[in-house]
Amino acid sequence: MKQWKDFLREIEKTLGQTSVEKWISPLKIVRFDAGNLYLEAESYFQVTFFEEHVRPLVKKNFFNSNHRPIQVHLDYPKKQSRKEDVKEESTFQIEANALHPEALLSSFYPSEKNQNTLDLVSELVGYDFISHKPKNPTLPLATFNPIYLYGPSGSGKTHLLMGCTRCLQELGFLTYFVKAKTFTDHVIQAIRLGRMQEFRKTYREVTVLLIDDIHELANKNATQEELFHTFNALHHMGSQIILTSNSPPQKLSSIEPRLTSRFEWGITLQLYPLGQEHMPTLIEKKILELGLILSPEIIQFLLTTFPLMKKWQKALEALTFHSHLDKEKKWTVSLVKEALQSLLLEEEKAKATPEKIIKITSDHFGITVEDLLGKTQTRECSLPRQIAMYLCKNQLHIPFTQIGKLFTRDHSTVMTSIKRIEEGIKNKSETTLSSVNEILKTLEEKTEGPLPFTTEGHPSISD
């Protein structure tokens, strides 16, 4: 069916070629007519993926030759044996995420910008920074509901949320802490295995629900639907909800308005990342806690090589391990490099590069790297090429001339291409914004660290 094949090519730009080939292309076409397409799935996960990610795109983009919408009917004739069902069901567990042992409110290091937020959060969850012990909250639970914390990667959102969880647990509250990805996994498993009643019992009978990185629910329609009802149930019962995100509610991308409006019902607090000027103090404090003896040269090497706090913390833990093995060891920069060889290799691999940007961009749009770098001027290739140039400039700060060499274009063509993407962002072009943000998200995941800014922080459109 030509319309279906064309539709699959179109959604590759949104979902990526790999996802479409793995989860959508294998769907069997049973029959079709001018207004209906009947498909058959091999597994329930295919059904879940379709309903979550593809169904909204069908409504927008799937039409017949007369430009009338085609209805898609998806069937799943269950083929698993009862023995396989029982085996899969036995592995189903709805468990909260583990708390990092060092993510305590007492160990949260606030910059001046974050002090007011920390003070207010501590007051709301009942933590006394003088005695460093939980106390009964001055304000009743759910006075502000939800508590919504937002800030970029590295601002301490997860640390603060875990610290709040631990504090509330010590006060006797029934808490449940999960990452947004875990919440999504729980929803998918519960739907697939018919265990929604168990899922809802777990999530809706807690006193405090804490969800980290709520922005990662973007475009996950089934998960958002379940969160909406979970939120309403908890809010109605007076249970506290605490959320974190990388942006304020009104700027969340691809999250339903009925959810973002509820996120604004309580109190919204911003967290700022610690500046590099705070890192020497923090690393020296950590070195003292671990009982290490490191020279200023080694400390400087660690801060330069591992600019992210979580990375140099990992390096210090590795050095502590080696120190336990050899208590007489006196560290030098060369010995540190030797001991951290695997971490140094990871850091090098994790860096964002033009090659990574080009590959991720081409994958996002479902074209080859050769097409992106080639001479073709069709929109299918020119838009990805312009976005890749824009990201090379604004994420890696590569000069225009060097970008020109990478893409075999002259200086003026590069400048024009980047300007077009900047204008698209400034004018809130849905195609440009969604593509750039999705590529940035993938790039951040693959580089294991925060990028300088997303489209929200572009110099030409900053708040």
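The questions below concern the fold of one chain in a predicted model.

Q: How many helices and strands does the secondary structure of the chain come to?
A: The chain of this predicted model has 463 residues. Its secondary structure comprises both element types, with a total of 21 helices and ten strands.

Q: Which radius of gyration does the chain have, and why does it agree with a compact globule?
A: The C-alpha trace spans about 75 × 60 × 45 Å along its principal axes. For 463 residues, a compact globule would have a radius of gyration near 23 Å. The chain agrees with that value, because its radius of gyration is 25 Å.

Q: What share of the accessible surface belongs to carbon and sulfur atoms?
A: The accessible surface of the chain amounts to about 24,100 Å². The share of carbon and sulfur atoms in this surface is 52%.

Q: How are helix H19 and helix H20 oriented to each other?
A: Helix H19 covers residues 400-407 and helix H20 residues 411-426. Their axes come within 8 Å and cross at roughly 100°. Angles of 65 to 115 degrees count as roughly perpendicular. The orientation of H19 and H20 is therefore roughly perpendicular.

Q: Which residues of H20 are met by residues of H19?
A: On the H19 side, the contact involves Phe400, Thr401, Ile403 and Gly404. By class, the contact has five nonpolar, three polar and no charged residues. The partners in H20 are His411, Val414, Met415 and Ile418.

Terms used. Residues are numbered from 1 along each chain as its sequence is written. This is a predicted model: local features need pLDDT of at least 70, side-chain atom pairs count only at pLDDT 80 or more; totals for chains, interfaces and linings use all residues. Side-chain values use heavy atoms; hydrogens and water are left out. Axes are lines fitted to C-alpha atoms, for helices over the stretch in contact, and angles run from 0 to 180 degrees between N-to-C directions. Helices (H or I, at least four residues) and strands (E, at least two) are DSSP runs, numbered from the N terminus. Angles under 35 degrees count as roughly parallel, over 145 as roughly antiparallel, 65 to 115 as roughly perpendicular and the rest as oblique. Contact means heavy atoms within 4.5 Å. Ala, Val, Leu, Ile, Met, Phe, Trp, Tyr, Cys and Pro count as nonpolar, Asp, Glu, Lys and Arg as charged, and the others, Gly among them, as polar. The radius of gyration is taken over C-alpha atoms; the globule rule is 2.2 Å times the number of residues to the power 0.38. Buried means under 20% relative accessible area, exposed over 50%, partly exposed in between (1.4 Å probe, protein chains only). Accessible areas come from the Shrake-Rupley method with a 1.4 Å probe; for residues, only the protein chains shown count as cover.
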